[in-house]
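Work through the two exercises below with the model open. Each task is followed by a solution in steps.

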Amino acid sequence: MLNMAVVGTGNWGRNLVRNFYEMEEANLKICCDLNEALLSKIREKYPLVKITTDYDEVLRNEEIEAVVIATSTSTHFDLAKKALEAKKHIFVEKPFTVSYKQAQELVNLAKEKKKKLMVGHLLEYHPAVIEMKRRLSQNEIGDVYYLYSERLNLGKVRTMENALWSLAPHDISVMLYLLNSEPVEVSAYGGVFLQRKEKIEDVVFVNTRLENGVVANFHLSWLDPNKVRRITLVGSEKMMVFDDMESRDKLKIFDKELIRNNLKDGVEFNIRYGDIYVPKIEVSEPLKLECLHFIDCIKNNKTPRSDGEDGLRVVRILGAAQESLDKGGMPVRMKENE
């Protein structure tokens, strides 16, 4: 079993605590948080797990092999750096860091210390997204034209980060995972309504152009009447829609396309209608799969799917989108923002 510690036991951290505690492959020894009320809840539910408010106590414990960091984004860099310097493997929740420079430093440090660095890009472990990746690898939908995602809800409003940094990492990581192409240009425009003094955007629209010609759009908001978690991928032969709000049929394949006919006096487009297919996908909690993957990578010396390089690429795009936001939507060339 892998001896572990979880740092940060709030809304998301407690899910990580639950998963690692229940796994036979893991031995959750310590939970760390500055909030003693949260630690009291951990003590009540997991009496065998030691609790502490002292992060250094976690790092001094030579039995701890891996540290899971699920604290506020602004603390990720310092906590992760200290863990790597203490020769611990690390799992860092999204977003990885608040800057490209910080992310690059952690990636380099993990290589230097020969420790695993994994970033919590949860949707890369979702069975439906993995199925999308499999079908793309078989060229099932033809040439990919574009991707767009909608991540909307009424709440939860963040006070320390905007909707871009809070919501976009999920969809950006999926885009990179599915399309295997780097962005060349990013633009973003948003609106500030609830926290005008703090200038925190509640809604953000991000446009991305990739090296392979694919374009992508992300609609992100915690100020919307609908709860939507949907990614649509349009190809030349078929289309795929991943809807995470569906209880069962999370992935649908649309066998339809537009066919161009060249005529003597112009061009005509006809729609080819086919079936809507719902592939059978094994139901499994993505977070559990993600946590098991982290343990497996450490035990068997594998490179995590969402490794530090993956986190670095996502932060790079977030940084470019933030720069564009700050410039009123002006497009940002990727190499210029590093």
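**Exercise 1. A helix and its ends**

How many residues of α7 are buried?

Solution. The model is predicted.

Step 1. Apply the cut-off of under 20% relative accessible area for a buried residue. By this test 17 of the 17 residues of α7 are buried, so the helix is mostly covered.

Step 2. Locate the helix and check its span. α7 takes in residues 163–179. From first C-alpha to last it reaches 24 Å, close to the 24 Å expected at 1.5 Å a residue.

Step 3. Inspect the ends. After α7 comes N180, which has a positive phi, near 50 degrees.

**Exercise 2. The largest pocket**

Which helices and strands each supply at least two residues of the lining of the largest pocket, and how does the lining divide into nonpolar, polar and charged residues?

Solution. 

Step 1. Begin with the space itself: the largest pocket holds about 1600 Å³.

Step 2. Find the centre. Of the 49 lining residues, N11, W12, K94, R158 and E161 lie nearest to it.

Step 3. Assign the lining to elements. At least two residues each come from α4 (76–85), β7 (144–154), α7 and β11 (223–235). The helix of the first exercise, α7, gives the most, with 4 residues.

Step 4. Sort by residue class. The lining has 19 nonpolar, 20 polar and 10 charged residues.

Conventions
Residues numbered from 1 in each chain as written. Predicted model: local features only at pLDDT ≥ 70, side-chain atom pairs only at ≥ 80, totals over all residues. Heavy atoms only, no water. Expected span 1.5 Å × (residues − 1). Buried < 20%, exposed > 50% of the residue type's maximum accessible area, 1.4 Å probe, protein only. 1 Å grid on protein atoms, 1.4 Å probe; cavity = no way out; pocket = protein on both sides within 12 Å on 5 of 7 lines; lining within 4 Å. Points joined across faces, edges and corners; volume = space filled by probe spheres on them. Nonpolar A, V, L, I, M, F, W, Y, C, P; charged D, E, K, R; others polar.
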